[in-house]
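Please look through the notes below with the model open beside you. They are numbered so that each point can be checked on its own.

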Amino acid sequence: MKFVLWIICLFFVRVLPAQKPVTIECRIGEGIGKIMQLSGVNNGQQKILASASYAQNGYYGFRFIPEYEGFYVLGDGKSYEYPLYLKAGDAVSLFMDKDTIYLTGKNNTAENKVLYDWVKLSKRVCEKSIFYEDLFPEFEVLLSKIKPFCKNIETKNSRFNELMKHFISYELDRFALNFIYTPRSEHPSKEQRIAYYNSIVDNNKFQDEVILEMPDGIKLLKLYIENKKNASDVQESLAVIPNKKLQGTLVVEQAKGFGRSYFEYMEFMEKAKKYVDADQLKILEDKASELYEAKKGERAIDFTCPDANG
């Protein structure tokens with residue numbers, strides 16, 4: 001009789017009585033740590049919703065009311081992370097060890113069956129894009145299988161079908177860009193890269209905001225602009241991202257990289273503020289307030305104070 005550690009996740013507000021919980025059950029094999037995390041996607045970034053400890057080779061589970069329908073991430077938050085597609089009432093059962101992950105049981109949804117067909121198909125290329133010196137032969141084999149795979153995405157959930165095709169497209173870009181920008185002893189020159197790289201940066205790719213529904217959407221956007229010659233220049237780095245919200249989101253992310261220099265930050269903010277909406281501008285202004293510090297040797301803040309006559 002198997003023992004399942006269930007983590008009942010009470011982290012959502014405004015829960016209606018009619019909403020049905022999601023159930024995730026996972027059996028762990030060798031080589032995985034003892035802490036597993038369930039993360040949601042918030043504005044293109046993973047947000048930890050709950051974590052669970054478990055006995056080696058044991059079982060554990062999560063049960064919660066989903067705040068949205070879409071992608072989630074299950075893993076250790078380090079080396080092993082895998083996507084899930086969840087909506088109210090779904091059940092997922094899977095096995096994970098250091099070498100593989102696959103669905104088990106009979107209650108998995110059609111969406112996750114398609115998703116894990118993709119995980120199986122792309123797993124080797126995904127691993128090679130980070131840990132190996134050669135990628136292109138297997139990457140091109142994977143590319144040859146994409147069209148027939150996408151043609152067979154025909155669940156009853158039309159929203160998932162469309163989102164899954166976007167997910168695959170972004171995954172291919174992520175594999176290709178990871179191979180170029182992750183540390184390794186030698187990177188291929190531009191002349192050595194396969195033709196696929198010529199199609200990655202395309203101004204028509206970011207007319208909508210669907211990339212923010214992807215678990216690593218922000219990381220991928222940063223990789224897209226990494227190709228720019230002067231990625232530190234706001235205008236030049238955002239030239240490949242025409243969508244206004246995506247531009248503002250990237251500006252907010254870039255602002256996080258500033259240290260303690262208030263005046264340096266204000267120079268950045270002056271260039272960046274035309275790319276943000278009101279909510280994003282408020283985030284930038286809050287950052288400026290945190291950085292403000294009158295230091296000896298820095299320019300003084302311009303204060304305008306009323307005199308005795310007002």
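1. Glu-270 counts as exposed, with 52% relative accessibility. Exposed means over 50% relative accessible area, buried means under 20%, and partly exposed lies in between (1.4 Å probe, protein chains only). The side chain of Glu-270 meets that of Lys-273 in a salt bridge, 3.3 Å from N to O. A salt bridge here is a side-chain nitrogen of Lys or Arg within 4 Å of a carboxyl oxygen of Asp or Glu. Lys-273 is partly exposed, at a relative accessible area of 39%.

2. The model is predicted: local features need pLDDT of at least 70, side-chain atom pairs count only at pLDDT 80 or more, and totals for chains, interfaces and linings use all residues. Residues are numbered from 1 along each chain as its sequence is written, and side-chain values use heavy atoms, with hydrogens and water left out.

3. How many salt bridges are there by this rule? The count comes to 15. One of these pairs is Glu-253 with Lys-256, whose closest N and O atoms are 2.8 Å apart. Glu-253 is buried, with a relative accessible area of 10%, whereas Lys-256 is exposed, at 53%. Another salt bridge joins the side chains of Lys-98 and Asp-99, at 3.1 Å from N to O. Lys-98 is partly exposed, with a relative accessible area of 39%. Salt bridges also link Arg-124, Lys-128, Asp-134 and Glu-138 in a network.

4. The chain has eight helices and nine strands. Helices (H or I, at least four residues) and strands (E, at least two) are DSSP runs, numbered from the N terminus. Of its 310 residues, 45% count as buried. The chain exposes about 17500 Å², and carbon and sulfur atoms supply 51% of that area. Accessible areas come from the Shrake-Rupley method with a 1.4 Å probe; for residues, only the protein chains shown count as cover.

5. Contact means heavy atoms within 4.5 Å. Among contacts between residues at least 6 apart in sequence, 65% join residues at least 24 apart.

6. Helix H3 covers residues 158-181. Its 24 residues, at 1.5 Å a residue, should span 34 Å, and the end C-alpha atoms are 34 Å apart, which agrees. The expected span is 1.5 Å times one less than the number of residues. H3 is mostly covered, with 17 of its 24 residues buried. At the start of H3, a side-chain oxygen of Asn-157 comes to within 3.2 Å of the backbone nitrogen of Arg-159.

7. Ile-130 belongs to helix H1 (residues 110-131). Is Ile-130 buried or partly exposed? Ile-130 is partly exposed, with a relative accessible area of 31%. Together with Phe-131 and Tyr-132, Ile-130 makes a nonpolar surface patch of about 300 Å². Patches are made of residues with over 30% relative accessible area and no salt bridge: like charges are joined within 9 Å, nonpolar side chains (Val, Leu, Ile, Met, Phe, Trp, Tyr) within 5 Å.

8. Gln-235 lies in helix H5 (residues 234-237). At 54% relative accessibility, Gln-235 counts as exposed. Which residues does Gln-235 touch, not counting those up to four places away in sequence? They are Lys-274 and Tyr-275. The C-alpha atoms of Gln-235 and Ala-272 are separated by 8.1 Å, with the two residues 37 apart along the chain.

Notes:
A polar contact is a pair of N or O atoms within 3.5 Å; within protein, one must be able to donate a hydrogen and the other to accept it, and residues adjacent in sequence count only if both atoms are side-chain atoms.
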